[in-house]
Amino acid sequence: MKKSPLPVQNLGAKGKQRKCGREALVKLLRWNFGHPDFRGNQLEAIEAILSGRDCFCLMPTGGGKSMCYQIPALAKTGIVLVISPLIALMENQVMALKEKGIAAEFLSSTQTSQLRNKIHEDLDRGQPSIRLLYVTPELIATSGFMSKLKKIHGRGLLNLIAVDEAHCISSWGHDFRPSYRKLSSLRNQLQDVPILALTATAIPKVQKDVIDSLNLQNPLVLKSSFNRPNIYYEVRYKDLMDDAYADLCDVLKSAGDVCAIVYCLERTTCDDLSTHLSKNGISCAAYHAGLNNKLRSSVLDDWICSKIQVVVATVAFGMGIDRKDVRIVCHFNIPKSMEAFYQESGRAGRDQLPSRSLLYYGVDDRKRMEFILSIAESKKLQSSDSQHGLSKKSTSDFNLMVEYCEGSGCRRKKILESFGEEVSASLCKKSCDACKHPNLVAKYLVELTTAIAVRQRNGFSKILSSSTDAFENENFSEFWNRNDEASGSEEDISDSEDGFEVAKGISRSKFSKKTGINEKIELLQRAEENYYRNKAHDKQANKPDKNAISGALRESSKQRLLDALKQAHQRLGDLKYVYFFHAHFSFNGLGKQTWKMMYHHHTCNAGLILKHHLPSLKMSALRNMGRVGNLFITRKWRVR
Ligand SMILES: Nc1ncnc2c1ncn2[C@@H]1O[C@H](COP(=O)(O)OP(=O)(O)OP(=O)(O)O)[C@@H](O)[C@H]1O
């Protein structure tokens, strides 16, 4: 139901301001948002802003940061400018505010020019009706929009600049967006307008960087604990289970028909897992950048209005989406940093009710991430020193995440300590698996160590190729930096696809519990090594790379593949595992699509992809695999 805003005492334009008391602010909160009282540091932040002071506000995920600029927007005539990183996020917030009868708009090139003109006309009016205007940092950087802001400011109507997700400013923040850096000009261009920086992710370095970059003057710094007491943290070990899909399915089923988000690193995993869950009666859909806009928004709408309960998504999903009753956030692959993990898992339990964070940890996933980080590092080494610092940071960030999974001790304590909070494990109150079932977790960790050792002995550790040169032409920037909105016209969700396409094909590989085909594998690996030797030699001699593998080697590799498959099939029988070998062929010169294909080949360096559910795979299909090149182009044999 739409509501007209509560007519509060108007504080008027600059110079005529009167103090808006606590009571009036609480009234605004109750009337417009239905919350009985302010939470945490909200009131302090609001009062500081209304008194014209800059503020840096650090609140946990779901803490209620938006209220810190939404209430000031209602308390004063004029406009609050909100700088937000994603169009989807702006859209959602504006929609939610409009439903409450609050005059909010966003500006982006995704809108029709008619709508944009209407908004600009309103901004030009003596007394604009708009209270909250959401924009991207890229728009701020345009001279046209800046001069518009100056005019509004000149009329005494720009009350506040709120920088949401302010960690994006900092190169130490996990969502670093170079365009955010340009916001440093705001202070000079729009003097006297208070600036509010908001984030849920701020290690001390980030805080300092944000405050310095925005040139905040004597800001009120408000920090709350990162602890999310209503979230239970748990890690499950893929390498110790037969089928992680089935395990997750059981978790979701036994939780009842609850709302959940499952994060995966690849689109294909999203699709496959979502199909699997749906087949097993779970109300579920995939959501990622590979789907068209229409489908994506219908999935989002269905999820928001509870038509579907589980979304299996790539990482960008959920930012700014205010569904409070998410009971489970599952990471099906290890996230790239503790900050990212905290943000994503923090989408659970925004209503403060008991919720769960479940991370499926797999050694292969870890290796894939390490591989991607190493590629980024080697790329950044070639660029500036600061970039190098960044890549080192990425590696150390990721190590914290690995320690969260592989280390013993309270998970909550690890999360909080990674943000610089010193806490005792008693704070957890047995609300993580390590505190609740210490013996069981210790046993798992021992088993995991053994599994890794067995795997290394069997030569399975060589999962990712050292052939980094194959990746030189690929752009990982989407994964590392969200600089995708310069024009505002590109896809407004940023997920990790490009980075993780690299490692596709090994996502569900598991270490073998059976040995015996190692000799075959060794042979195949030797063939592969020969290939690289030839390749290096060819490079030295400055020869074209196209026929680095001879037809004879190709044929013999293919034959060995078929033999190995047959033997594996016979030997494994009901165990339903089969190993796929790939041989290397040069596809240079066949275009970008083919480069991606090369990725798969290289990343499957160990020559193995473990495949479950053999019955669904016909031997004729396996034979076709011998036609190297088909395997990854057709995706017929996508694992599962
Ligand atoms: N004072 C309050 N009392 C009760 N609920 C509140 C209060 N303030 C905000 N909320 C609710 O808490 C939820 C989270 O608020 P909000 O989206 O502002 O969080 P956030 O800090 O921006 O979180 P995130 O960083 O995860 O995006 C919303 O549903 C909001 O309506």
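By class, the shell around the ligand in this predicted model comprises seven polar, six charged and three nonpolar residues. In total, 16 residues surround the ligand, and the closest are Gly-62, Lys-65, Ser-66, Lys-324 and Arg-350. Domain 1 (22-223) and domain 2 (231-381 + 390-458) both contribute residues to this shell, so the ligand lies between them.

An oxygen atom of the ligand lies 3.2 Å from a backbone N or O atom of Gly-63. The ligand taken alone exposes 630 Å², of which the protein buries 88%.

Ser-84 is located in the loop between strand E2 (79-83) and helix H4 (87-99). With a relative accessible area of 0%, Ser-84 is buried. When neighbours within four places in sequence are left aside, the contacts of Ser-84 are Leu-89, Met-90, Tyr-134, Val-135, Thr-136, Pro-137 and Tyr-180. Lys-413, by contrast, is partly exposed, at a relative accessible area of 24%, and belongs to helix H17 (residues 411-418). The side chain of Lys-413 is joined to that of Glu-417 by a polar contact of 2.6 Å. An α-helix has 3.6 residues a turn, so residues three or four places apart point the same way. Not counting residues up to four places away in sequence, Lys-413 touches Val-423, Ser-424 and Ala-425. The C-alpha atom of Lys-413 is separated by 9.1 Å from that of Ser-426, which is 13 residues away along the chain.

Helix H14 (residues 338-345) is mostly covered, with eight of its eight residues buried. The buried residues include the charged Glu-339 and Glu-344, together with Met-338, Ala-340, Phe-341, Tyr-342, Gln-343 and Ser-345. H14 is in turn among the elements that cover the buried residues of H10.

In helix H10 (residues 204-213), the buried residues are Val-206, Gln-207, Asp-209, Val-210, Ile-211 and Ser-213. Besides H14, the cover of these residues includes strand E1 (55-58), helix H8 (178-181), strand E6 (195-199) and strand E7 (220-223). After H10 comes Asn-215, which has a positive phi near 55 degrees.

Helix H11 (residues 244-254) has Ala-244, Tyr-245, Asp-247, Leu-248, Cys-249, Val-251 and Leu-252 as its buried residues. The N-terminal end of H11 is capped by Asp-243, a side-chain oxygen of which lies 3.0 Å from the backbone nitrogen of Tyr-245. Tyr-245 is itself one of the buried residues of H11. Just after the helix, Gly-256 adopts a positive phi of about 90 degrees.

Note on methods. Residues are numbered from 1 along each chain as its sequence is written. This is a predicted model: local features need pLDDT of at least 70, side-chain atom pairs count only at pLDDT 80 or more; totals for chains, interfaces and linings use all residues. Side-chain values use heavy atoms; hydrogens and water are left out. A residue is near a molecule or strand if one of its heavy atoms lies within 4 Å of it. A polar contact is a pair of N or O atoms within 3.5 Å; within protein, one must be able to donate a hydrogen and the other to accept it, and residues adjacent in sequence count only if both atoms are side-chain atoms. Accessible areas come from the Shrake-Rupley method with a 1.4 Å probe; for residues, only the protein chains shown count as cover. Domain bounds come from an automatic or database domain assignment. Helices (H or I, at least four residues) and strands (E, at least two) are DSSP runs, numbered from the N terminus. Buried means under 20% relative accessible area, exposed over 50%, partly exposed in between (1.4 Å probe, protein chains only). Contact means heavy atoms within 4.5 Å.
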